[in-house]
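Here is a short note to read beside the structure, written for someone meeting it for the first time. Take the points in order, and keep the 3D view open as you go.

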Amino acid sequence: MNKNTAEKYITNYAVSDDEIDNAEKIINELQAEIPNYASKGHGPFLAAIYDKNGKLIVKCANTVKNMLCSNNHAEINAIKEAQQIFKTYDLSGLDLSLYITSEPCMMCIGAIMWSGLKSVYYGVPSKKVEEITGFDEGFKQDWLEEFKKRGIKVCGNIAAEAGEKALKKYIDEGNDIYKPAR
Ligand SMILES: [Zn+2]
C-alpha cells in the first residue's frame, strides 16, 4: 500500500512513504516515553528535533507544571534548546525537522513559524487531544495552508493511536490538566 494515498495522514505536501515510516518510528518512540516523563511531573507531550541526516539534536517534554511556566510546551522547549546549540535564532539554514507527539497548539504554531524549522511531523490531532484531555489547543484556522505558503512542510496523524493511549493513561492516572481557569 502506498501510504501517501492513505487518507489517514493530514498533510500539506506530497510526503513520501520513507518519510512516513521514519516519522512513525520516531513518534512511536516519543509516545512510549510519555508515561515516564509524566511520572516525573512533566506534561503528556514530547517533541524532538532531528537534522536532515536523521541525527537527534534535542528531545524535550512539556515542563509547564514542573517549571511553573505556561509557555513551556515541548515544542518551545525543543526550539529554544536547538537555537542555543546552534547559536542562532534562525534555524532555517539547517534543514531541521520537528517531531511531536500531538498537533502543535496555537502558541506552538507561532513559535514554529518564527524558528526556521522546515518540517513538522505530529501525532494526535488537536481535536482528539481536546476530547481526551480537556486542554484548549486554541484556534488555528488553515494553519497547514499558511505553513505551506511559508515553505514549512507538515504531516500529521502519525502514530496517533499510540498517542491517544498515552494521553488516556495520563488522564486515567489522575494527572493535572494544567490550564487557566475560565
Ligand atoms: Zn503548544
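1. In which loop does N157 lie? N157 sits between β6 and α7. Please keep in mind from the start that this is a predicted model. Although N157 is not a glycine, its phi is positive, at about 70 degrees. N157 counts as buried because 20 other C-beta atoms lie within 10 Å.

2. You will find L68 in the loop that links α2 (64-67) to α3 (74-86). Is L68 buried or exposed? L68 has 9 C-beta neighbours inside 10 Å, and therefore counts as exposed.

3. Now for the sheet. It is open and has six strands, in the order β1-β6-β5-β4-β2-β3, with mixed pairing. At the edges are β1 (10-11) and β3 (56-61), each of which pairs on one side only.

4. Start with the antiparallel part. Strand β2 (residues 46-50) pairs with β3 over five bridges, in the antiparallel sense, and the bridge partner of Y50 in β3 is L56. The hairpin that these two strands form has five residues between them, and there G54 takes a positive phi near 85 degrees. β2 also pairs with β4 in the antiparallel sense, over four bridges; here I49 has L98 as its bridge partner in β4.

5. Then move to the parallel part. β4 and strand β5 (residues 119-124) run parallel and are joined by five bridges, with Y121 in β5 as the bridge partner of Y99. To get from β4 to β5 the chain passes through helix α4 (residues 106-115), and this β-α-β crossover is right-handed. β5 and β6 (residues 153-156) pair in the parallel sense over three bridges. Helix α7 packs on the sheet, where it touches β4 and β5, and its direction makes about 55 degrees with that of β5.

6. How much of β4 is buried? Strand β4 (residues 97-102) is mostly covered, with six of its six residues buried. Two of its residues, L98 and Y99, turn up in the next point as well. The largest nonpolar core has 47 residues, and those with the most contacts inside it are L46, A47, A48, A78, L98, Y99 and I158. Helix α1 (residues 17-38) gives the most to this core, contributing eight residues.

7. Setting aside residues up to four places away in sequence, A78 touches A47, A48, I49, V58, C60 and L98.

8. How do α1 and α7 lie relative to each other, parallel or antiparallel? Their axes cross at roughly 10 degrees and come within 9 Å, and the two helices are therefore roughly parallel. The residues that meet are N28, Q31, I34, P35 and A38 on the α1 side, and A162, G163, A166, K169 and Y170 on the α7 side.

9. Also in α1, have a look at E19. With 20 C-beta neighbours inside 10 Å, E19 counts as buried. E19 and Y122 are 103 residues apart in sequence, while their C-alpha atoms are 12 Å apart in space.

10. Finally, visit G138, in the loop between α5 (126-133) and α6 (143-149). G138 counts as partly exposed because it has 15 C-beta neighbours inside 10 Å. Which residues does G138 contact, leaving aside its neighbours within four places in sequence? They are C105, M106 and M107. Between G138 and I76 there are 62 residues of separation in sequence and 16 Å in space, C-alpha to C-alpha.

Technical notes:
Residues numbered from 1 in each chain as written. Predicted model: local features only at pLDDT ≥ 70, side-chain atom pairs only at ≥ 80, totals over all residues. Core = buried A, V, L, I, M, F, W, Y, C linked by C-beta atoms within 7 Å. Buried ≥ 20, exposed ≤ 12 C-beta atoms within 10 Å, placed from the backbone. Contact = placed C-beta atoms within 7 Å. Pairing = 2+ DSSP bridges. Right-handed = clockwise from strand over helix to strand, strands pointing away. Axes fitted to C-alpha atoms, helices over the stretch in contact; angles between N-to-C directions. Parallel < 35°, antiparallel > 145°, perpendicular 65-115°, else oblique.
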